[in-house]
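Here are some quick notes to go with the model. Have it open while you read, and follow the points in order.

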Amino acid sequence: MQINSAVPNALNTSLQGMQRSSQQVTTASETIARGSVGNGAHNVEALVALVEGEQAYGANVKAFATSSRMLGVLLDTEA
């Protein structure tokens, strides 16, 4: 039985994307928590980074779930 390496690669890529997004959210959250009232532009940038990180994490979760289902179908087909 030989399974296409694209699906496991997609799973790994999605996991790496989730890790990067999680780090982005953590960094943005720390920046917001440390932020001062007088530094509005910096706080806005951190808020944008926070939302971007959340959206990217969600997209990677969906890609991971799709890849996982594809792997399941491949395994069922080969069985």
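**Notes on the model**

1. Let's start with glutamine 24. Leaving aside residues up to four places away in sequence, glutamine 24 touches Ala49, Glu52 and Gly53. Bear in mind that this is a predicted model.

2. Where does glutamine 24 lie? The residue belongs to helix H1, which covers residues 6-34. Glutamate 54 is 30 residues away from glutamine 24 along the chain, yet their C-alpha atoms are separated by 8.6 Å.

3. Is glutamine 24 buried or partly exposed? Its relative accessible area is 27%, and because buried means under 20% and exposed means over 50%, glutamine 24 counts as partly exposed.

4. Now over to serine 67, which is found in helix H2, residues 40-78. With residues up to four places away in sequence not counted, serine 67 touches Val7, Ala10 and Leu11.

5. Why does serine 67 count as buried? Its relative accessibility is 7%, and the cut-off for buried is under 20%, so serine 67 falls in that class.

6. Zooming out to the chain: you'll find two helices and zero strands. Take the contacts with a separation of 6 or more, and 76% of them are between residues 24 or more positions apart.

7. Last, the surface. Of the 79 residues in the chain, 18% are buried. The accessible surface comes to about 5500 Å², and carbon and sulfur atoms hold 58% of that area.

Note on methods: Residues numbered from 1 in each chain as written. Predicted model: local features only at pLDDT ≥ 70, side-chain atom pairs only at ≥ 80, totals over all residues. Heavy atoms only, no water. Helix = DSSP H or I, 4+ residues; strand = E, 2+ residues; numbered from the N terminus. Buried < 20%, exposed > 50% of the residue type's maximum accessible area, 1.4 Å probe, protein only. Contact = heavy atoms within 4.5 Å. Areas by Shrake-Rupley, 256 points an atom, 1.4 Å probe, with all protein chains shown as cover.
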